[in-house]
Amino acid sequence: MERSCLYCGNRVIGRIDKKFCSDSCRNTFNNELNQDINNLMRTTHNKLRKNYRILKRIHLNSTHKKKSLHQLISKDFNFDLFTSTYKNKQGKIYYFIYDIGYLKLDQSSFIVVQKKSYL
Ligand SMILES: [Zn+2]
């Protein structure tokens with residue numbers, strides 16, 4: 001069965017598990033793949049850092065006090081990004097970005113908490 005190079009599409013000759021026509025195509029393919037992954041990770045991490053900074057600033061101002069969710073929304077907080085969750089005995093879920101997390105109390109308010117020892 002004829003196979004074609006994953007990078008350039010040229011015919012691949014040789015071992016049955018060979019995927020590229022040359023070392024150069026294999027290297028270029030892997031470099032581009034890594035670059036895409038690196039870009040994705042960098043972008044995601046920047047968004048996480050932004051979330052972290054927003055929560056940290058609110059946390060520094062006052063802990064365990066009810067806040068308006070508007071404080072997060074107005075700063076473009078990304079609710080889809082967090083690093084871990086914690087479910088308490090009441091089944092409520094805290095969303096953490098590293099050691100700082102928040103818990104939605106209702107449709108319009110939340111509290112910020114910080115883990116005492118994260119590592
Ligand atoms: Zn090739």
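Predicted model: local features only at pLDDT ≥ 70, side-chain atom pairs only at ≥ 80, totals over all residues.
**Exercise 1. Which residues make up the largest nonpolar core, and which elements give two or more residues to this core?**

Step 1: The largest nonpolar core holds 11 residues, namely I54, L55, I58, L72, F82, Y95, I97, I100, Y102, F110 and V112.
Step 2: Two or more of these residues come from each of helix 1 (23-61), strand 5 (93-97), strand 6 (100-104) and strand 7 (109-114), and the largest share, 3 residues, is that of helix 1.
Step 3: As background, nonpolar side chains tend to be buried together in soluble globular proteins.

**Exercise 2. Work out the order of the strands in the open sheet, and find which strands stand at the edges.**

Solution. Step 1: The open sheet has 5 strands in the order 3-7-6-5-4, and their pairing is antiparallel.
Step 1: Strand 3 (67-68) and strand 4 each have a single partner strand, so they stand at the edges, and one side of each is left without a neighbour in the sheet.
Step 2: Helix 1 packs on this sheet, where it touches strand 3, strand 5, strand 6 and strand 7, and its direction makes about 75° with that of strand 6.

**Exercise 3. Trace how strand 6 pairs with strand 5 and with strand 7.**

Solution. Step 1: Strand 5 and strand 6 are antiparallel and pair over 3 bridges; within this pairing, F96 has G101 of strand 6 as its bridge partner, while Y95 stands opposite Y102 in strand 6.
Step 1: Strand 6 is joined to strand 7 by 5 bridges, again in the antiparallel sense, and here G101 stands opposite V113 in strand 7.
Step 2: The hairpin of strand 5 and strand 6 has 2 residues between the strands, whereas the hairpin of strand 6 and strand 7 has 4 residues between them.

**Exercise 4. Where do D76 and Y98 lie, and is D76 buried or exposed?**

Solution. Step 1: D76, which is not a glycine, has a positive phi of about 60°, and its place is the loop between helix 2 (70-73) and strand 4 (84-87).
Step 1: D76 counts as exposed because it has 10 C-beta neighbours inside 10 Å, and the cut-off for an exposed residue is 12 or fewer.
Step 2: Y98, in the loop between strand 5 and strand 6, also has a positive phi, near 55°, but with 18 other C-beta atoms within 10 Å it is partly exposed.

Terms used
Residues numbered from 1 in each chain as written. Core = buried A, V, L, I, M, F, W, Y, C linked by C-beta atoms within 7 Å. Buried ≥ 20, exposed ≤ 12 C-beta atoms within 10 Å, placed from the backbone. Pairing = 2+ DSSP bridges. Contact = placed C-beta atoms within 7 Å. Axes fitted to C-alpha atoms, helices over the stretch in contact; angles between N-to-C directions.
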